[in-house]
Amino acid sequence: MAAGTSRAASSAAPWVCQAHTLCCLPAVRRPVAPVLPVGRFPQNINLFSAMIGAGTQIFAVVLCVFLLSLVGAFYPYNRGAMQSACVVLYALTAGISGYVSGVWYKMMGG
């Protein structure tokens with residue numbers, strides 16, 4: 001029995017001390033930040049500008065639907081009205097998507 005207890009005591013980590021104070025803990029290494037190209041444009045300018053434009057279009061559709069809901073254009077018992085409005089607004093805001101993606105494409109040197 002004595003050999004088992006001494007073996008457990010010797011297998012303890014070397015930084016653990018009897019008082020369990022913070023001074024006995026090992027130094028913590030800080031994570032290193034990855035080196036990224038911060039000031040450069042992405043390689044696929046076409047795809048990036050198209051994604052920015054599509055996100056702007058979806059944002060405009062959601063904003064318009066919220067505004068129509070606040071005005072009271074949708075009734076709770078007419079379930080298809082909001083879906084139809086989303087489809088129509090998505091088609092109407094296609095120009096916003098094209099304009100924004102074109103501006104971003106030209107701004108990035110495309």
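Figure 1. What is the distance in space between Ala 94 and Val 61, C-alpha to C-alpha? The two C-alpha atoms are 10.0 Å apart, although 33 residues separate Ala 94 from Val 61 in sequence.

**Figure 2. Thr 93 in the loop between helix 3 and helix 4.** Thr 93 occupies the loop that joins helix 3, residues 80-92, to helix 4, residues 94-107. Is Thr 93 buried or exposed? Its relative accessible area is 6%, so Thr 93 is buried, the limit for that class being under 20%. Leaving aside residues up to four places away in sequence, Thr 93 touches Gln 57, Ala 60 and Val 61.

**Figure 3. The largest nonpolar core.** Which residues form the largest nonpolar core? This core has five members, namely Val 61, Val 65, Phe 74, Ala 85 and Leu 89. Two elements, helix 2 (45-71) and helix 3, each give two or more residues to this core. Val 61, one of the core residues, is also among the residues touched by Thr 93.

**Figure 4. The surroundings of Leu 89.** Leu 89 is a member of the largest nonpolar core. When residues up to four places away in sequence are not counted, Leu 89 touches Val 61, Cys 64, Val 65 and Leu 68. Val 61 and Val 65 belong to the largest nonpolar core together with Leu 89.

**Figure 5. The whole protein as the setting for the close-up views.** The secondary structure consists of four helices and zero strands, and the order of elements from the N terminus is α-α-α-α. Of the 110 residues, 15% count as buried; Thr 93, at 6% relative accessible area, is buried. The protein exposes about 9500 Å², of which carbon and sulfur atoms supply 68%. Among contacts with a separation of 6 or more, 70% come from residues 24 or more positions apart.

**Figure 6. Confidence along the predicted model.** The protein averages a pLDDT of 80, and 74% of the residues score at least 70. Where is confidence lowest, and where is it highest? The lowest confidence is found in helix 1 (residues 2-10), with a mean of 52, and the highest in helix 4, at 94.

Conventions. Residues numbered from 1 in each chain as written. Predicted model: local features only at pLDDT ≥ 70, side-chain atom pairs only at ≥ 80, totals over all residues. Heavy atoms only, no water. Buried < 20%, exposed > 50% of the residue type's maximum accessible area, 1.4 Å probe, protein only. Contact = heavy atoms within 4.5 Å. Areas by Shrake-Rupley, 256 points an atom, 1.4 Å probe, with all protein chains shown as cover. Core = buried A, V, L, I, M, F, W, Y, C linked by side-chain atoms within 4.5 Å. pLDDT = per-residue confidence, 0-100.
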